[in-house]
Amino acid sequence: MKLRNILYILLITVCSLPALAVSDKDMEQAKVIAAKLYLRWTNNGSGYLDEVSASSMADLESKLKDAEKENLKAFKSVSIPSDYASWDKERFVQFWGTTFFTSPALTADGKRAKDRVKAKVSALKVAAPTAKAEAPKSEEAKPEEKKEDEKKEEPTSSQQSADEAISIPEPQEVMHQEEAVADSLHVLQAEEQSLALPEERKKAKSNTWIYIIILVVLVILVVWLMIYAANMMKSQGKEVREVQGSDKKAKKQIETLEAENSRLKKEIARLNEAIQSRLAAHDALKTEADAAKAEAARMRVALKKAEERPALSEQAPAPAPRRQEEPKPQQPKILNEIYLGRANAKGLFVRGDRRPNPGHTIYRLDTKDGIVGTFRVLNSPESFELAVSNPLQFLAGGCVCENFEEAETADKIVTETPGTAILENGCWKVLRKSRIRFE
């Protein structure tokens, strides 16, 4: 069987299979997409390309600026295979999405556009081409094959029989044969490429599985990070709540301690006032004791003088003749009531008046001889207001009281025991403090 017949059979077999191939229009459209995205990624100032729409490379180039036209030279320098008519969709996408961008002529920034190019080219639809080889041509070869077989069976005795066995084809038949051979070669190339496709598909599938595995690992990692972050947030929230709870507890303890401290301060102040009143009472008692000692000494001196007077009268000479008595000087009138101000720390009343002096008078002193007398808090509204305005200043020097702290709420001052005072060097001095209470 001749080679031509074998090629015919192969051509018929291949043409009987369904085929999907890439057309010139598909190739031009993919080229425009790749060029546009390549230029967009190469130059940061090419944002205007996002609004450019082109149906062909010539149309795209007419709308480019100088910088993009210069960058387009590197893109156009990459060679494109001429057998794209035999490509299927997968190889078509593989070329524009990966293979094309492996060229060293392209810039590194422009190569970063390959993923977007691949996505856009994958969205294109590839048309089904019409087969160039037709089956009827194989029918024309059948009569010739039969003649050649019959000639082989007949014995070739001479050169004439051999010449008869070789038929000279007509010019039209030669043209058909040449076309058939070209088509057969084209089919063989397509078969070789189709045989190479499974390996590429295997590589693509293996790469796809690698991408899937990487993606799964990344998803697992992201999920783990989210879970870890959620747990961290929970633990931090728990710590914050614990800190807030401890802060509230500490705040309550601080408030309790402050309240206790305030109570203790008040108690200390009360005790200090009590101590001061006790010290004042002690000083008053001491003053009274000193006054009593002085009074006792004075009484002893007076008693001694009284004892000596009878002896002197016995030894005295007879009285001289009585002369006319001279008038005696008038004794000063002794005041029965003296109105005193406050007593200072030494027990001395700061002032004395014959009548009440509002704003100054605190005590009323009663005396018979003008030397010793008893005093009490004057029962008048003016003296009461002055005394309760500052009890320790106006009353502590001349009075003993167990409830000084109730002065602000009292309505009156009651003198339980009058005090005793003596006139020394023109000033009345406390010998014994009076005892009072607030009501």
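A polar contact is a pair of N or O atoms within 3.5 Å; within protein, one must be able to donate a hydrogen and the other to accept it, and residues adjacent in sequence count only if both atoms are side-chain atoms. Keep that in mind for the exercises below.

This is a predicted model, in which local features need pLDDT of at least 70 and side-chain atom pairs count only at pLDDT 80 or more, while totals for chains, interfaces and linings use all residues. Residues are numbered from 1 along each chain as its sequence is written, and side-chain values use heavy atoms, with hydrogens and water left out.

**Exercise 1. Find the place of S23 and its polar partner.**

Step 1: Look in the loop between α1 (3-15) and α2, where S23 is found. Helices (H or I, at least four residues) and strands (E, at least two) are DSSP runs, numbered from the N terminus.

Step 2: Check the side chains: S23 and D26 are joined by a polar contact of 3.0 Å.

Step 3: Judge the accessibility. Buried means under 20% relative accessible area, exposed over 50%, and partly exposed in between (1.4 Å probe, protein chains only). With 27%, S23 is partly exposed.

Step 4: Compare sequence with space: S23 and W87 lie 64 residues apart in sequence, and their C-alpha atoms are 9.2 Å apart.

**Exercise 2. Describe the largest nonpolar core.**

Step 1: Recall the term: a nonpolar core is a set of buried Ala, Val, Leu, Ile, Met, Phe, Trp, Tyr and Cys residues joined through side-chain atoms within 4.5 Å.

Step 2: Count the members. The largest core has 32 residues, and M27, F75, F92, W96, F100 and V121 have the most contacts inside it.

Step 3: Ask which elements contribute. Two or more residues each come from α2 (24-42), α3 (57-62), α4 (66-76), α5 (89-99) and α7 (114-122). The largest share, nine residues, belongs to α2.

Step 4: Take M27 and leave aside its neighbours within four places in sequence. Its contacts (heavy atoms within 4.5 Å) then are V22, I80, Y84, W87, F92, F95 and W96.

**Exercise 3. Classify the aromatic pairs F95–W96 and Y363–F375.**

Step 1: Apply the rule: rings of Phe, Tyr and Trp (its six-membered ring) pair if their centres lie within 6.5 Å; planes under 30 degrees apart count as stacked, over 60 as edge-to-face and the rest as tilted. The whole structure has 13 aromatic pairs.

Step 2: For F95 and W96, the centres are 5.0 Å apart with 80 degrees between the planes, an edge-to-face pair. F95 is buried at 7%, and W96 is buried at 0%.

Step 3: For Y363 and F375, the centres are 5.5 Å apart and the planes stand at 80 degrees, so this pair is edge-to-face. Y363 lies in strand β3 and F375 in strand β4 (residues 372-377), so the pair ties together parts that are twelve residues apart in sequence.

**Exercise 4. Trace the sheet of six strands.**

Step 1: Write the order, β2-β1-β3-β4-β7-β8; the sheet is open, with antiparallel pairing. Two strands pair if DSSP finds at least two bridges between them.

Step 2: Zoom in on β1 (residues 337-340) and β3 (residues 363-367), which run antiparallel and are joined by four bridges. L340 has Y363 in β3 as its bridge partner.
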